[in-house]
Amino acid sequence: MKDMLSRQAVALKPSGIRKFFDIVSEMEDALSLGVGEPDFDTPWHIRDEGIYSLEKGRTFYTSNSGLMELRKEIVSYMKRKQGVAYDPVHEVLITVGGSEAIDIGLRAVINPGDEVLIPQPSFVSYEPCAIMAGGVPVIIELKAENEFRLTAKELEAAITDKTKILILPFPNNPTGAIMERKDLEEIAEVIRKHDILVMSDEIYAELTYKEKHVSIVEIEGMRERTILINGFSKAYAMTGWRLGYACGPREIVEQMVKLHQFAIMCAPTTSQYAAVEALRNGDEDVREMCTAYNQRRRYLMNAFREMKLSCFEPFGAFYVFPCIKEFGMTSEEFAERFLQEEKVAVVPGTAFGDCGEGYLRISYAYSLDNLKLAIGKLANFVERLRENA
């Protein structure tokens, strides 16, 4: 049977996040800080709209591109938040989560051998999706001294005559790093100079704690060469609804629709009706959740200072990325020992690329009580390691 399998599929590594999630699910009384999923329930008025759509019998396929009502709300949202206009008919596609949009967006533009620039550490799907699309991943190592931002100098050094597209993963999973307007303006200059495309994954756009999120599509000359990815999982606590979207140039989105059409048909109808309500009336819910995340973020940064554990201050998403290089263990060894000895699961930085070695991803999409309990255990573990060094 092994000879029957796709060599490309077999060569892909499974997600490093799920490994620890699976272990902790079998461990009694274990705490997990490993999964990037909001601990909030989907706000009731959004759930209610989904329920109402079922009661009204709205259980049929929508257009391949998604409900026009939802696409118009996304256009309104983008205009309101980023000041950028899209055509709801030809430039917006509703997908099964942001992950599907990443997959088909890359497949829509990549030819065999095209290079895909992927800043890492970053979300686990980018590299395998690039490979499955026939592209060649080119990793750009993000550095702690730059607050894990992508610099124009790093981008310039990675571009070759085979470069097709840059993936821009900010606010970033796993580091929590953000890109400010001046950062985006500098890399936009390089992108325009070399005439390459951008895929901007902005799933955490609503979760920023320093300043309002700036999208690269706001920068001159970038809207027409950018596939913007977003969705409802993180900001609206709608992970299980599996709904995302892509906005971009008509020529690209039309090809994405074809791929989506043959693989998926359309995103879940019930989820689409709920998403309309989220965009229309969910701003206050997002603000309340963002305020809670920021409180947790500040607690963690203070706790790390008290235990003298190095960690740059992140201003986006709901992750911190502390450095554990002082202990002389790999990230995986540290995470495994911490799980076995203290029954707390965190994710090794290497799950997000080899340059994540020496770091851990800790999610604060958990209650403050759980965070305090888990971080207390981390402080004990770190103290023991230092005493035995």
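Which residues does Pro43 touch, not counting residues up to four places away in sequence? Keep that in mind as we start. One caution: this is a predicted model.

Here is the answer. Pro43 touches Tyr236, Asp285 and Met289. Look at Asp285 in that list. Along the chain, Pro43 and Asp285 are 242 residues apart. Yet their C-alpha atoms are separated by 7.0 Å. So where does Pro43 sit in the chain? Find strand S1, residues 31-32, and then helix H3, residues 44-55. Pro43 lies in the loop between them. Is Pro43 buried or exposed? Its relative accessibility is 10%, and buried means under 20%, so Pro43 counts as buried.

Most peptide bonds are trans. Now check the bond that joins Gln120 and Pro121. That one is cis, with omega at about 5 degrees. Pro121 lies in a loop too, between strand S3 (115-120) and helix H6 (126-132). Move along to Phe170 and Pro171. The peptide bond from Phe170 to Pro171 is also cis. Here omega is near -10 degrees. Pro171 has its place in the loop between strand S5 (163-168) and helix H8 (181-194).

Now for phi. Most residues other than glycine have a negative phi. Met265 counts as partly exposed, because its relative accessibility is 33%.

Ala317 has a positive phi as well, about 60 degrees. It is not a glycine either. Ala317 lies in the loop between helix H11 (283-306) and strand S9 (319-320). Is Ala317 buried or exposed? Buried, because its relative accessible area is 0%.

Last stop, the surface. Which residues form the negative surface patch? There are Glu127, Glu333, Asp354 and Glu357. Take Glu357 from that patch. Glu357 lies in the loop between strand S11 (347-348) and strand S12 (360-363). At 34% relative accessibility, Glu357 counts as partly exposed.

Quick recap. Pro43 is buried and touches Asp285, among others. Glu357 is part of a negative surface patch.

Note on methods: Residues numbered from 1 in each chain as written. Predicted model: local features only at pLDDT ≥ 70, side-chain atom pairs only at ≥ 80, totals over all residues. Heavy atoms only, no water. Patch = residues over 30% accessible without salt bridge, like charges linked within 9 Å, V, L, I, M, F, W, Y side chains within 5 Å. Areas by Shrake-Rupley, 256 points an atom, 1.4 Å probe, with all protein chains shown as cover. Salt bridge = Lys/Arg side-chain N within 4 Å of Asp/Glu carboxyl O. Lys, Arg positive; Asp, Glu negative; His and termini not counted. Charge placed at Lys NZ, Arg CZ, Asp CG, Glu CD. Helix = DSSP H or I, 4+ residues; strand = E, 2+ residues; numbered from the N terminus. Buried < 20%, exposed > 50% of the residue type's maximum accessible area, 1.4 Å probe, protein only. Contact = heavy atoms within 4.5 Å.
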